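Q: Hi! I'm new to this one and would like a friendly walk through it. Could you help me find my way around?

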Amino acid sequence: MKVIAAMSGGVDSAVAAARAVEAGHEVIGVHLALAANPQKYRSGARGCCTIEDSHDARRAADVIGIPFYIWDMAEEFHDGVVEDFLAEYAAGRTPNPCLRCNEKIKFAAVLDRARAMGFDGVVTGHYARTEIGPHGKTLHRAVDHSKDQSYVLSVLTREQIDGAIFPLGDTTKVDIRAEAEARGLAVAQKPDSHDICFVPSGDNAGWLRDRLGSDVGPIVDQSGTKIGEHKGAYTYTIGQRKGLGLTVPTADGSPRFVLKIEPITNTVVVGAREELAVSSMRGERPVWCGPEVTTTPTRGFVQIRAHGAALECTYYLKNGQLVAELDSPLLGLATGQAMVIYDGDRVVGSATICETA
Amino acid sequence: MSIYLDHAATTPMVDVAMNAMVTQLAELGNPSSLHSHGRATRKTLEDAREVIAKEVDCLPTEVIFTASGTEANNIALKGLYWAGRAAGKKLVVISAIEHHAILDPAHWLLTHEGAEVIQVPVTPDGVIDLVFLKELIDNRGQEIAVISIMHANNETGVIQPIAEVVRIAGQIPVHTDAVQSFKKTPLSFSTLGVIALTLSAHKIGGPLGIGALILRRTVEIPSLLHGGGQEREIRSGTLNAPSIIGFAAAAASEHYPVDEITDLRDRFIAGVREVLPDAIVNGAGADRLPGIVNVTFPHTQSDTLLLLMDGAGVSCSTGSACSAGVHEASHVLLAMGHTEVTAQSSLRFSFGATSTTADCDFVLSVLPDVITRGRAANSV
């Protein structure tokens, strides 16, 4: 096949590109320039499209022996990922931008462009697997569960999965680094990137405050009584306990937790720990990575964070929304997060959480 | 199939240059030394200087060797500005289509050295606006420290009326970046009347890493590099004898067949117009260098086209600069009236001494499919 290898300048995508070449594909390396004004150098584990990263990606492509190009996707990234991230926070939800980037950039803008140019698919260094079975090509967890990235890929449609190649899903990260070393790739020991790539300082709250302002608003308890003030509701997360600065203690001295963020009234609601308990969730705009989920209750697992646990549940479709009922409740669940359903290691589909109970 | 149509970026070294350079690499002696070894190197090096002087029609003493065309441009523009500023002149005049090796030092003079910079606009065909220049000189000639206008543009090949510029400029020092013109079109330092002119070896079949500033005898300018006082104390540093000798050998060789390359270019343009009638040849109405063709392919993006061309075995370029690896719209095409979008839909094909009719025809054979895919990618 003729494929585009998305190369970030990190070790994973470099090895993925090398493996794709060895698998017999005709590979062209492409680095996505996502920042309109990229920084010159990486700082620690943050940022993923500095000029230094694009040099690392180019060097890896040269060592592997494949052509290399840089595609300017800064505008698409800003409109599809950064703006969405801000809008979600402004609406009181907690988005996952990596998921949005896979959905709108890597397996949409890039894949569409690649296909139009006569390529068959996109290779990435994600830790995930695909399998061909009775339902066609399906998405599965990586062998290395600690690095598994199937959660952030769960937004891909079947057509997108058809055009995706994940060469690293059968290997652990440790072995990938060793392989990079053996292949003479200088990025073998480059630190993993964490956090949000477009917030290079790592200070999410500060970054949001600069863009959404810091409108002071009330912190209330469940009866609606004001017990404190906040500086920007979106800088709080559901389940947060520290840094609330509350002046009115509870009667029994028990701690309070953030239960809810109400953007319209700019209010943060706090309450007791047990109020955080969630036993069911509903998600909108479901996407199926394989056969569609029906209204018939089915046993499986739901995951609500990128590296969170898989929770046993019963799931089904109701009024076009994906519902998951947990076997045992969990504490603290924000709307805006993705709920991803697994059948064992297979990704069934995902939806954006819009209501919890 | 691997076709090289990027000779304006760099072109193969000619055999005589490579041989001369290799021979000199084996020789021992710093040309500044007084002993027999030094004298031997100096003799060969000064022979080379005379060859280059003859080729560009200047005096040997007017040749100042540098490590690149970029360095020569920097020495000329900064040096002439500082010399002018000492006499109270702070205006730097360049054209809107200069190479970054002039644009960027001019910008640096503006941000760091108190210069005012004015860019002379160009016509839709990419020729500088002489009326604008004349008015500027009539109004503010006393303030101008230096005028720098390239001899021929590297992206479009459009040749600029430098003799006219010199005539209009009168006593104002004029520098011209002639990196693309040397050996491709008639070029005479003494006839042009400029005070300074830039050359580069690797554009004419010489080695990389060597250039020259032709600077009129008796002109004194501050230097960028201070040290051993070589090259009229304007460019200190041990002279790179092997590269200079390779440069001279390339300059003396008649390896650039102007007529054949012009025919090849015209064959290519005719072919492009036949298969893609909506393609626009930039600067088509102007006098141009034999080897450079710049074409706008509407509804495409240059970076996509480059990838597809490369995949088809064709090395060409946009001719314009990258910012962090991302292609920027060419300032040259923008100055000629293109929009950001159409400027980003353009490619430069540049022919050289080794180019053949078969190369030209092969590119024409792959072009329709590349453009079709490029348009498809542009519409998703």
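Q: Let's start with a turn. Which residue in the turn between strand 10 and strand 11 of chain A has a positive phi?
A: That is Asn266(A), with a phi of about 55°. Strand 10 and strand 11 of chain A form a hairpin there, with four residues between them. Keep in mind that this is a predicted model.

Q: Noted. How do those two strands pair, parallel or antiparallel?
A: Strand 10 (residues 257-262) and strand 11 of chain A are antiparallel, joined over five bridges. Within that pairing, Ile261(A) stands opposite Val268(A) of strand 11.

Q: Which other strand pairs with strand 11 of chain A in the parallel sense?
A: Strand 8 (residues 216-220) of chain A does, over two bridges.

Q: What does UniProt list for residues 208-271 of chain A?
A: An unreviewed UniProt entry lists them as "domain: tRNA-specific 2-thiouridylase MnmA-like central". In the model, this span is 8% helix and 34% strand, and its end C-alpha atoms lie 25 Å apart.

Q: Switching to helix 1 of chain A: how many of its residues are buried?
A: Ten of its twelve, so to speak a helix that is mostly covered. Among the buried ones are Val11(A), Asp12(A) and Arg19(A).

Q: What covers them?
A: The cover for those buried residues includes strand 1 (2-6), strand 2 (26-33), helix 2 (51-64), strand 4 (121-123) and helix 7 (173-182) of chain A.

Q: How far apart are the end C-alpha atoms of helix 1 of chain A, and what span should it have?
A: They are 17 Å apart. At 1.5 Å a residue, the twelve residues of helix 1 (residues 11-22) should span 16 Å, which agrees. After the helix comes Gly24(A), with a positive phi near 100°.

Q: Over to chain B. What is the strand order in its seven-strand open sheet?
A: The order is 2-8-7-6-5-3-4, with mixed pairing. Strand 2 (63-66) and strand 4 (116-120) of chain B are the edge strands, each pairing on one side only. On average, neighbouring strands of this sheet are turned by 20° against each other, direction ignored.

Q: Which strands does helix 5 of chain B lie across?
A: Helix 5 (residues 130-140) lies across strand 3 (91-95), strand 4 and strand 5 (144-148) of chain B. The helix runs at about 150° to strand 4.

Q: Why does Thr185(B) count as buried?
A: Because its relative accessibility is 17%, and the cut-off for buried is under 20%. Thr185(B) sits in the loop between strand 6 and helix 7 (189-192) of chain B. Leaving aside neighbours within four places in sequence, Thr185(B) is in contact with His151(B), Ile159(B) and Leu289(B).

Q: Last topic: how many residues does each chain bring to the contact?
A: Chain A brings 16 residues and chain B brings 14 residues. The area buried between them is about 1300 Å², with 66% given by carbon and sulfur atoms. On the chain A side, Tyr69(A), Arg113(A) and Met117(A) lose the most area to chain B, together 45% of what that side buries.

Note on methods. Residues numbered from 1 in each chain as written. Chains lettered and ligands numbered in written order. Predicted model: local features only at pLDDT ≥ 70, side-chain atom pairs only at ≥ 80, totals over all residues. Heavy atoms only, no water. Expected span 1.5 Å × (residues − 1). Buried < 20%, exposed > 50% of the residue type's maximum accessible area, 1.4 Å probe, protein only. Contact = heavy atoms within 4.5 Å. UniProt positions renumbered as here; feature names shortened; annotations may be inferred. Pairing = 2+ DSSP bridges. Axes fitted to C-alpha atoms, helices over the stretch in contact; angles between N-to-C directions. Buried area = accessible area lost by both parts, 1.4 Å probe.
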